[in-house]
Structure formats: C-alpha cells, structure tokens
Amino acid sequence: MIINGVRWKIRLVSPSHPMLLTPWKTHALGVCDKTTRTIYIDNTLYPTRIKDVIYHELVHAAMFSYGVDLSYEEEELVAEWTGTYGDEIFRLANIIYDGIHMK
Ligand SMILES: [Zn+2]
C-alpha cells in the first residue's frame, strides 16, 4: 500500500506479538510503526473491529506520509475519531456524491 509515495506494509499478528505491547505494558489492537512503515493489527479481532483499527492506523500512516505534525494527543484524537465514525461519514459522502452525479 502506498500513501503519498510512502510504501506501507500491513501485518495481521498474534495479540502476543511484541509490536502490540505498549510502553505501558498494555496490549494495543493495532500499531503504526513509522520506523519500519508497518501497520500491525491484532489478528484475533472481529472483522468489524479490525476495520475500525485499520482506519485508525491508516490515519497515523497518512499523517506521517503527508508530513502532518500533531502532538501525540491530537493525532490519537483524529485517528480514534476517524476509526469510530469515518466509515459512516465516507458512506454518506458517497451516497450524496452518487445522488449529485446521477442528476
Ligand atoms: Zn493510535
């Protein structure tokens, strides 16, 4: 997958994978590693939850790829919000766009 010319890999991994361990010793559902440009996703999540986590991690990857420089808290807020509500907004935007285009 390429975002703004930056190639990213996505790996579905076991929840015990070391990349899913946070600095606070908790278990992350997904991690975007900017150093290796790899997104790690817990492979035991339900498909609908995996999609939300993919949205979340893709936001991190896109911000890095486009050079967006936010604080950790700001970036997490945008990523979490997009992961939770992005699908609904993009679905509605497509419905509106298709309605405009059909006229
Ligand atoms: Zn995050």
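Strand E3 (residues 9-13) and E5 run parallel and are joined by five bridges; strands are DSSP runs of at least two residues (E) and helices of at least four (H or I), numbered from the N terminus, and two strands pair if DSSP finds at least two bridges between them. This is a predicted model, in which local features need pLDDT of at least 70 and side-chain atom pairs count only at pLDDT 80 or more, while totals for chains, interfaces and linings use all residues. Residues are numbered from 1 along each chain as its sequence is written.

| Partner of E5 | Bridges | Direction | Facing residues |
|---|---|---|---|
| E4 (residues 30-33) | four | antiparallel | Gly30 and Ile41 |

E4 and E5 form a hairpin with four residues between them, and Arg37 in the turn has a positive phi of about 50°. Strand E5 (residues 38-42) is mostly covered, with four of its five residues buried (20 or more other C-beta atoms within 10 Å of the residue's own, C-beta atoms being placed from the backbone).

**The helix pair**

Helix H1 (residues 47-65) and helix H2 (residues 72-102) have axes that come within 8 Å and cross at roughly 140°; axes are lines fitted to C-alpha atoms over the stretch in contact, and angles run from 0 to 180 degrees between N-to-C directions.

Key. Buried ≥ 20, exposed ≤ 12 C-beta atoms within 10 Å, placed from the backbone.
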